[in-house]
Amino acid sequence: MKPCTQIWFVLMFLTILTLLIGETGLQGKSVIFVLLSVTFLKGQLITDHFMRLRHVDLFWRMVMFGWLFFVLSLIGIAFLM
């Protein structure tokens with residue numbers, strides 16, 4: 001099986017996991033932390049493998065990492081307020 005196919009299966013599993021967590025109606029800070037962490041992991045997998053940023057300069061990887069971290073941090077802060 002190709003690596004991209006494996007990554008795709010991982011992304012589908014993580015998407016189903018977040019769907020199930022949302023459908024169960026769980027609440028609280030820990031649930032939000034888990035959901036944002038899973039979303040961050042999915043974003044990193046997409047940028048590294050499908051956007052092919054794994055083999056570029058560290059600067060561009062850090063730009064994408066920073067953007068993803070910033071956006072998810074704002075979402076987390078907005079939820080906690």
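This is a predicted model: local features need pLDDT of at least 70, side-chain atom pairs count only at pLDDT 80 or more; totals for chains, interfaces and linings use all residues.
Residues are numbered from 1 along each chain as its sequence is written, and side-chain values use heavy atoms, with hydrogens and water left out.

The protein has three helices and zero strands, and along the sequence these follow the pattern α-α-α; helices are DSSP runs of H or I with at least four residues, strands are runs of E with at least two, and both are numbered from the N terminus. The C-alpha trace spans about 40 × 30 × 10 Å along its principal axes. Of the 81 residues, 25% count as buried, where buried means under 20% relative accessible area, exposed means over 50%, and partly exposed lies in between, for a 1.4 Å probe and protein chains only. Among contacts with a separation of 6 or more, 61% are made by residues 24 or more positions apart, a contact being defined by heavy atoms within 4.5 Å.

Helix α1 comprises residues 3–24, and its 22 residues reach 32 Å from the first C-alpha to the last, close to the 32 Å expected at 1.5 Å a residue; the expected span is 1.5 Å times one less than the number of residues. Within α1, Ile7, Leu11, Leu14 and Ile21 are buried. These residues lie on the same side of α1 because they cover an arc of only 85 degrees around the axis, the arc being that of the directions from the helix axis to the C-beta atoms. In general, an α-helix has 3.6 residues a turn, so residues three or four places apart point the same way. Phe13, Glu23 and Thr24 are exposed on the other side of α1, whereas the cover over the buried residues of α1 includes α2 (29–50). Gly25, which follows α1, has a positive phi near 80 degrees.

The 22 residues of α2 should span 32 Å at 1.5 Å a residue, and the distance of 31 Å between its end C-alpha atoms agrees with this. The buried residues of α2 are Val31, Ile32, Leu36, Val38, Phe40, Lys42, Gly43, Gln44, Leu45, Thr47, Asp48 and His49, and they pack against α1 and α3. Gln44, which is placed in α2, has a relative accessible area of 18% and therefore counts as buried. Apart from neighbours within four places in sequence, Gln44 is in contact with Phe65 and Leu68. Just after α2, Arg52 takes a positive phi of about 60 degrees.

The axes of α1 and α2 come within 10 Å and cross at roughly 160 degrees; axes are lines fitted to C-alpha atoms, for helices over the stretch in contact, and angles run from 0 to 180 degrees between N-to-C directions. The two helices α1 and α2 are therefore roughly antiparallel to each other, given that angles under 35 degrees count as roughly parallel, over 145 as roughly antiparallel, 65 to 115 as roughly perpendicular and the rest as oblique. The crossing of α1 and α2 is left-handed. This contact involves residues of α1 including Ile7, Leu11, Leu14 and Ile21, and residues of α2 including Val31, Val38, Leu45 and His49. A crossing is called left-handed if the near helix is turned anticlockwise from the far one by less than a right angle, and right-handed if clockwise.

Helix α2 also packs with helix α3 (residues 58–80), at an angle of about 160 degrees and with the axes 10 Å apart, which makes α2 roughly antiparallel to α3. Here α2 passes α3 in a right-handed crossing. Residues of α2 that include Ile32, Leu36, Phe40, Gly43 and Gln44 meet residues of α3 that include Phe65, Leu68, Leu72 and Gly76.

Helix α3 has 23 residues and reaches 32 Å from its first C-alpha to its last, close to the 33 Å expected at 1.5 Å a residue. Its buried residues are Leu68, Leu72 and Gly76, and the buried residues of α3 pack against α2. Leu58, by contrast, is found in α3 but counts as exposed, with 57% relative accessibility. Leu58 and Gly22 are 36 residues apart in sequence and 35 Å apart in space, C-alpha to C-alpha.
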